[in-house]
Number of protein chains: 2
Amino acid sequence: MTNQMNRVHNFSAGPAALPLEVLLQVKEDLPNYHGEGVTVMEVSHRGPLFANVFEQAQADLRELMGISDDYEVLFLQGGAQTQFALIPMNLGIDGKTAGYVDTGHWSKLAIKEAEKVGSTRVLASSQDTNYTYVPAFDTWGSTEDLSYLHITPNETIHGVEYFNFPQGLSKDVPLIGDMSSTILSRPMDVNNFGLIYAGAQKNIGPAGVTLVIIRKDLLARSADKLPNMLSYKSHAAKGSMYNTPPTFAIYLSGLVFKWLKKQGGLDAMAAINKAKADKLYACIDESQFFNNPVEKEFRSLMNVPFTLADKSQEARFLSEAAAQGLSGLKGHKAVGGMRASIYNAVAPESVDALVAFMKEFEKNL
Amino acid sequence: MTNQMNRVHNFSAGPAALPLEVLLQVKEDLPNYHGEGVTVMEVSHRGPLFANVFEQAQADLRELMGISDDYEVLFLQGGAQTQFALIPMNLGIDGKTAGYVDTGHWSKLAIKEAEKVGSTRVLASSQDTNYTYVPAFDTWGSTEDLSYLHITPNETIHGVEYFNFPQGLSKDVPLIGDMSSTILSRPMDVNNFGLIYAGAQKNIGPAGVTLVIIRKDLLARSADKLPNMLSYKSHAAKGSMYNTPPTFAIYLSGLVFKWLKKQGGLDAMAAINKAKADKLYACIDESQFFNNPVEKEFRSLMNVPFTLADKSQEARFLSEAAAQGLSGLKGHKAVGGMRASIYNAVAPESVDALVAFMKEFEKNL
């Protein structure tokens with residue numbers, strides 16, 4: 001029940017599965033990249049070898065996501081959580097408040113960090129049901145006085161996803177989205193956002209690179225007194241090369257972008273991802289034993305948490321799954337139970353294998 | 001004139017050469033690490049597979065450097081330049097001044113960033129000669145009132161290295177060293193320092209992981225209001241796992257630590273590195289054409305900048321070197337000329353090849 005080369009079906013929430021084809025290319029490129037006598041890791045980030053890798057990765061990402069020249073594409077470090085601090089440090093405005101919408105664990109953490117930096121207001125929250133929906137936009141109240149509006153388009157732990165975004169915001173109130181676990185899973189209109197950020201380790205590449213897509217007019221908000229490494233303006237002025245970027249992680253991300261293009265781009269991925277998620281949710285909904293609490297219209301296409309009616313069966317579920325090559329299924333303690341993360345690199349056959357296992361498990365209870 | 005598998009002699013200042021043996025191990029571990037059915041990149045940083053990689057890397061580093069339990073060993077992100085900001089943010093004390101010694105390009109940048117955060121004093125500088133020496137400790141003046149004292153034990157661009165460190169500082173005035181380009185090149189007494197930091201991409205591993213070794217009593221200085229990702233205290237409290245660390249870069253660094261142990265540890269590396277540097281400096285000093293301006297007692301064992309008496313020969317030098325598989329020799333514009341970085345992973349044979357080439361080049365002028 002395992003993939004090619006004895007690879008497991010990997011449902012890890014992150015760091016997550018990478019496409020096998022990409023990993024084999026990395027293997028091929030060691031220890032001599034394209035006959036250059038070095039690996040991508042061993043050369044100056046300012047030299048021609050890496051410049052080519054970097055520019056290609058940027059160009060492919062722009063093409064995949066349809067990112068216009070109004071935006072800078074930055075490859076930074078520190079994960080999405082560093083952005084939790086950098087966003088208010090860079091985009092906060094004295095005398096204004098930053099607006100946040102709380103839809104789960106990750107929104108909550110973003111809010112906590114922003115509160116350390118400046119004035120923050122929570123416009124809406126779905127904490128009342130332990131996060132099973134996105135609060136309706138018309139309950140968020142006025143956004144006019146905000147420095148920016150921050151949302152978490154996909155909650156990796158709670159499995160709640162936005163399929164629409166607030167429209168008609170003033171240009172002075174940029175929408176900011178933590179896309180860590182939804183980026184590249186389907187087409188999204190970047191123009192809705194002032195800033196999109198994402199840790200790489202779910203749908204982009206290995207942990208250690210963080211994508212920041214920022215509308216250029218917002219760079220003027222970064223104060224000159226900010227340390228350069230904490231300033232979007234400084235990073236943009238040097239094209240992500242203010243200091244040595246995580247070159248290997250960017251190279252590998254670039255291979256993932258090429259792989260996505262080969263699959264047919266984000267329209268094709270969306271169809272594949274929708275089919276995978278539909279199958280898994282159908283299995284859960286048809287079951288008397290498995291349950292997902294999220295309202296149907298907000299169910300994540302990437303992270304599918306589910307509980308077992310009998311908690312005492314959890315350990316057996318995990319060990320029997322592991323024995324069949326199904327790994328990374330243990331849920332987060334905030335929700336309990338199991339979680340299947342079915343990112344781009346998780347093949348439809350892996351979801352089929354999981355569904356078959358779940359049906360069999362329930363039958364044999 | 002190239003190494004095994006057509007690898008070049010790589011004198012890049014950083015990202016720099018990695019041991020071939022390590023790169024081949026990485027290749028071997030793709031796409032199925034130790035029969036686990038995944039790569040190190042594709043699993044949770046909190047799961048047993050990566051925990052084992054991480055703990056082994058930490059233990060091996062502690063052994064190599066003789067790091068006592070008085071210190072935390074953190075694997076962070078953002079490079080040494082992020083530490084330029086984090087050090088004053090975490091270790092600065094209200095009403096006190098941070099002391100810096102200016103011995104070159106990197107000291108200068110560290111000072112510039114610290115000045116944005118708090119009160120800073122430059123105790124001594126060798127800018128008068130464009131950085132060819134370390135100012136004598138007895139000219140630094142009093143350090144008693146300082147929050148900390150920051151030095152740059154090896155200046156990667158100017159090729160200036162400390163072979164002694166100030167002694168007898170008060171425990172309240174921790175010595176802080178940017179060891180990016182000297183760490184692991186020879187034994188050093190960690191107990192001299194309150195905090196040691198280093199970007200990985202010279203002597204540790206690939207760009208994207210930053211080592212911070214901090215004396216535990218200093219963690220209390222990090223204010224609770226600091227964003228967690230900018231707080232040494234938060235990182236230490238979670239053992240570098242406050243968020244997803246750069247798992248692949250840590251795994252590869254761990255392989256480098258194992259490789260260093262196999263070479264005989266830092267005593268053995270020091271002997272090898274001294275022999276390499278001696279050969280190259282001897283070649284320069286015997287030459288009428290090549291010159292290194294640094295005072296002999298402060299010449300870096302890792303970075304050897306040298307100029308050509310006739311600048312118009314520089315392009316020819318570089319192209320003929322490249323033709324013989326000698327790469328990464330172009331110097332930094334702040335010093336001009338050439339620079340050979342001869343880190344741990346640069347084999348003695350590579351230095352021999354460079355010396356032979358330089359002698360031949362001078363003979364044929």
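Of the 365 residues of chain A, 55% count as buried. The model is a predicted one. Chain A holds nine helices and 14 strands. Its radius of gyration is 21 Å, close to the 21 Å that the globule rule gives for 365 residues, so chain A is as compact as a globular protein of that length. Along the principal axes, the C-alpha atoms of chain A fill a box of roughly 65 × 60 × 30 Å.

Now take the two chains together. Two copies of a chain are related by a rotation about an axis and a shift along it. Here a rotation of 180° with 0.0 Å of shift superposes chain A on chain B, with an RMSD of 0.0 Å. That is the relation of a two-fold axis. Within chain A, the C-alpha of Lys27(A) is the nearest to the axis, 2.6 Å from it. Both copies use the same surface: 100% of the contact residues of chain A recur in chain B.

What builds that contact? Chain A gives 56 residues and chain B gives 56 residues. On the side of chain A that touches chain B, the elements giving two or more residues are helix 1 (20-28), helix 3 (79-91), helix 4 (105-117) and helix 6 (247-263). By class, this side of chain A has 27 nonpolar, 23 polar and six charged residues.

Next, a sheet in chain A. Strands of a sheet pair through backbone hydrogen bonds, either parallel or antiparallel. In chain A, three strands form an open sheet in the order 11-12-14, with antiparallel pairing. Strand 11 (290-291) and strand 14 (338-341) of chain A stand at the edges, each with a single partner strand, so one side of each is left without a neighbour in the sheet. Strand 12 (residues 303-308) of chain A is joined to strand 14 of chain A by four bridges. Phe306(A) stands opposite Met338(A) in strand 14 of chain A. Helix 7 (residues 265-286) of chain A packs on this sheet and touches strand 11, strand 12 and strand 14. The direction of helix 7 makes about 15° with that of strand 12 of chain A.

In strand 9 (residues 195-199) of chain B, five of the five residues are buried. In a regular strand the side chains alternate between the two faces of the sheet. Both faces of strand 9 of chain B are covered: Leu195(B), Tyr197(B) and Gly199(B) are buried on one side, Ile196(B) and Ala198(B) on the other. Strand 9 of chain B pairs in the parallel sense with strand 8 (residues 175-178) of chain B, over three bridges. There Gly177(B) stands opposite Ile196(B). Five bridges join strand 9 of chain B to strand 10 (residues 210-215) of chain B, and these two run antiparallel. Tyr197(B) stands opposite Val212(B) in strand 10 of chain B.

Finally, the loops. A cis peptide bond joins Gly14(A) and Pro15(A), with omega about -15°. Pro15(A) lies in the loop between strand 1 (9-10) and helix 1 of chain A. The peptide bond from Leu30(B) to Pro31(B) is also cis; its omega is near -5°. Pro31(B) sits in the loop between helix 1 (20-28) and helix 2 (48-65) of chain B.

His34(A) has a positive phi, near 50°. This residue lies in the loop between helix 1 and helix 2 (48-65) of chain A. With 11 C-beta neighbours inside 10 Å, His34(A) counts as exposed.

Conventions. Residues are numbered from 1 along each chain as its sequence is written. Chains are lettered from A and ligands numbered from 1 in the order in which they are written. This is a predicted model: local features need pLDDT of at least 70, side-chain atom pairs count only at pLDDT 80 or more; totals for chains, interfaces and linings use all residues. Copies are superposed by least squares on the C-alpha atoms of residues with pLDDT of at least 70 in both. Two residues are in contact if their C-beta atoms, placed from the backbone, lie within 7 Å. Ala, Val, Leu, Ile, Met, Phe, Trp, Tyr, Cys and Pro count as nonpolar, Asp, Glu, Lys and Arg as charged, and the others, Gly among them, as polar. The radius of gyration is taken over C-alpha atoms; the globule rule is 2.2 Å times the number of residues to the power 0.38. A residue is buried if 20 or more other C-beta atoms lie within 10 Å of its own, exposed if 12 or fewer, and partly exposed in between; C-beta atoms are placed from the backbone. Two strands pair if DSSP finds at least two bridges between them. Axes are lines fitted to C-alpha atoms, for helices over the stretch in contact, and angles run from 0 to 180 degrees between N-to-C directions.
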